[in-house]
Amino acid sequence: MGKPENFKINKGLASYGISDHYAILGLPMTTDPVQIRKKFLKLAKILHPDVFGRNAEEKESATKYFSKMVSPAYQLLNSDRERGEYLATLRMFAQGKKQKEETPTLSTEIAQKLYRIPHEITYKQYIEEISPKQYETLDSIMEYTATLSELNLVYLFTQTSLSFSSGSSTATPVGSQVGNAEATPAAKPAQSPALRNLNMAELFISKKQWTDALKELISAEKLDPNNAKVYALKGLVQMNQNAAAIAKASFQKALKLDPKEPIAVKYINQVSATPKPPEKPPEKKGGLFGWGKK
């Protein structure tokens, strides 16, 4: 059984000391941010300990793969700034190798085949062929991640005009700030220990599975009790379960932790409004069968 002690591969981009975040998520480098998030949510569900594995050891390994590989890869690619810098690094890497006319070292047949007849469409097809197998079993994860990284390496070596989807960000070339002594990189936000639960809750909310979503949020609250988003999502779920008073308390707690929490700001007024008393039906006038005196 595959065990994630070091989470390291020695093929593809990794053989050059570059972390291959796209290979970890099983995506081509041309993937847009929306699809990156969709794939992350899919992997969060696949590797969830309630879903993956037949015993405690397998469930623990699946959790480690998620927290040590999948989640960090998504955190970087989900940030416009960090994704842009990462893609700029890949461009510079590719340019340097092309200038030196280096040949990549490839061990997989599919990567060698792509290198002989390189094409962007074929590259995407090969990624789509390998990706579904990647997280089928614990033993397959590192093997297929390495294969995907070799395909990414071929793409970088062979494409004359690299096409990346960097979303709304503008890639900042590496070294563009050299000499600017006052430039201070922005601090990277700490990753919440409840990230998996939050993402699973959002997935259940999108499907209107309120009970499952609330279960994930209760677990998230235990892991990260000062996370405003946890309480905002709890409020949203409770509101949809017709528990307005409890939802209001959750929204208030979210806003106490973060006065600008967008979900709480958006919905708190809906549970704070005083409900109107039901209208009384109009009184019927007249005698029997509505025939009254005029």
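Predicted model: local features only at pLDDT ≥ 70, side-chain atom pairs only at ≥ 80, totals over all residues.
Residues are numbered from 1 along each chain as its sequence is written, and side-chain values use heavy atoms, with hydrogens and water left out.

**Salt bridges**
- The structure holds eight salt bridges (a side-chain nitrogen of Lys or Arg within 4 Å of a carboxyl oxygen of Asp or Glu).
- One of them joins Glu202 and Arg37, at 3.1 Å from N to O; Glu202 sits in helix H8 (residues 195-206) and Arg37 in helix H2 (residues 33-46), 165 residues apart. Helices here are DSSP runs (H or I, at least four residues), numbered from the N terminus.
- Arg37 and Glu202 also belong to a salt-bridge network with Lys229.
- Glu221 pairs with Lys234, their closest N and O atoms being 2.8 Å apart. Glu221 lies in helix H9 and Lys234 in helix H10, so this pair ties together parts 13 residues apart in sequence.
- Lys234 is buried, at 12% relative accessible area, whereas Glu221 is partly exposed at 22% (buried is under 20%, exposed over 50%, partly exposed in between, with a 1.4 Å probe and protein chains only).

**Helix pair H6 and H7**
- The axes of H6 (residues 120-134) and H7 (residues 138-158) come within 9 Å and cross at roughly 170 degrees (axes are lines fitted to C-alpha atoms over the stretch in contact, and angles run from 0 to 180 degrees between N-to-C directions).
- H6 and H7 are therefore roughly antiparallel (angles over 145 degrees).

Technical notes:
Helix = DSSP H or I, 4+ residues; strand = E, 2+ residues; numbered from the N terminus. Parallel < 35°, antiparallel > 145°, perpendicular 65-115°, else oblique.
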